[in-house]
Amino acid sequence: DFAYRIEGLTKVYGDGPAAVHALRGVDLTIPAGEIVVLLGPSGSGKSTLLNIIGGLDRGTDGKVWFGDQELSAMSDSELTRYRRDNVGFVFQFYNLMPSLTARENVELATEIAEDPMPPDEALALVGLRERIDHFPAQLSGGEQQRVAIARAVAKRPNILFCDEPTGALDSVTGRAVLKTLKDVNETLGSTVMIVTHAAATAGMAHRVIYFADGGISRIEENATRLTPD
Ligand code: ADP
Ligand code: ADP
């Protein structure tokens, strides 16, 4: 049972002498239901991989399967449907609507979802039951990121992609956000993929994929260390 199977994935930005080889033939299987951390230095290709399997971008060559669906063979509209039906995104910056409350921010994101969670339930899941009617400016950075997580999980995504989710937070607040992602994984069973250059994040992962220079240098399975610390 796997979430993704990736074969020979390459990504080249630009062409000629200025071409950047961001992914150099990546082979990878990502099991369903895990917390997977992609760890590596800036520029090693982590976000590029996340964007391709999240359906935001396409590879230059190679194949990507989500279950029995081949993402790399999909049309643009099929890829849009794949994203809408299966995927949630969390980014470093929360991108909440400043004029909307926490509840309204979550509500807005679930308008086109098929069987969304009620906004209050999603906000309770991330520990913000008491902050439902607050506006973003009334919330701390960590709380705003948890609203962004609630917004992403309210449509019950099969997979949650997080690109540097703690990048703008201090380490204590960052740990609370990672704990929230762990709760999401345990409660909803969503596969959670986190891209980061912060090694501390690896402690909560079932699987850590080390990235270097457009490829995987090592994969580590964590059977025991399942607390963010
Ligand atoms: P990471 O997420 O590990 O920091 P990225 O996937 O963002 O790495 O980037 C991998 C490489 O691809 C880097 O050299 C980066 O500069 C380059 N790159 C990323 N996005 C683009 C783009 N849109 N156009 C050109 N080069 C890009
Ligand atoms: P970087 O890899 O340089 O850290 P980001 O993490 O900000 O860049 O963004 C990674 C990718 O995700 C970019 O290709 C960007 O277009 C896309 N992206 C960023 N924010 C959003 C968003 N709110 N919605 C959709 N796509 C986004």
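**Labels and their cut-offs**

Me: How do you know that the span of helix α5 agrees with its number of residues?
Reply: α5 covers residues 141-153, 13 residues that should span 18 Å at 1.5 Å a residue, and its end C-alpha atoms are 18 Å apart, so the two agree. The expected span is 1.5 Å times one less than the number of residues. Helices here are DSSP runs of H or I with at least four residues, strands are runs of E with at least two, and both are numbered from the N terminus.

Me: Before we go on, what kind of model is this, and how is it numbered?
Reply: It's a predicted model, where local features need pLDDT of at least 70 and side-chain atom pairs count only at pLDDT 80 or more, while totals for chains, interfaces and linings use all residues. Residues are numbered from 1 along each chain as its sequence is written, chains are lettered from A and ligands numbered from 1 in the order written, and side-chain values use heavy atoms, with hydrogens and water left out.

Me: What makes α5 mostly covered?
Reply: Of its 13 residues, 11 are buried, among them Gln144, Arg146 and Ile149. Buried means under 20% relative accessible area, exposed means over 50%, and partly exposed is in between (1.4 Å probe, protein chains only). The cover includes β6, α3, α4, β7 and α6, with contact meaning heavy atoms within 4.5 Å.

Me: Why is Glu164 called buried?
Reply: Its relative accessibility is 12%, and the cut-off is under 20%, so Glu164 counts as buried. Glu164 sits in the loop between β7 and α6, and has a positive phi of about 50° although it is not a glycine. Most residues other than glycine have a negative phi.

Me: And why is Asp213 called exposed?
Reply: Asp213 has 55% relative accessibility, so it counts as exposed. Its loop runs between β9 and β10, and its phi is also positive, near 50°.

Me: What makes Asp170 a cap for α6?
Reply: A side-chain oxygen of Asp170 lies 3.0 Å from the backbone nitrogen of Val172, at the N-terminal end of α6. That is a polar contact, because N or O atoms pair up within 3.5 Å; within protein, one must be able to donate a hydrogen and the other to accept it, and residues adjacent in sequence count only if both atoms are side-chain atoms. After α6 comes Gly189, with a positive phi near 75°.

Me: How do you know which residues surround ligand 1?
Reply: A residue is near a molecule if one of its heavy atoms lies within 4 Å of it. The shell includes Tyr13, Pro41 and Lys46, and its largest share, three residues, comes from α1.

Me: Which polar contact does Thr48 make with ligand 1?
Reply: A polar side-chain atom of Thr48 lies 2.5 Å from an oxygen atom of ligand 1. Alone, ligand 1 exposes 550 Å², and the protein buries 58% of that. Those areas come from the Shrake-Rupley method with a 1.4 Å probe.

Me: What surrounds ligand 2?
Reply: Ser47, Asn51, Phe91, Asn95 and Asp163 do. Ser47 has a side-chain N or O atom 3.0 Å from an oxygen atom of ligand 2, and for Asp163 a polar side-chain atom is 3.1 Å from a ligand 2 oxygen. The protein covers 41% of the 560 Å² of accessible area that ligand 2 has on its own.
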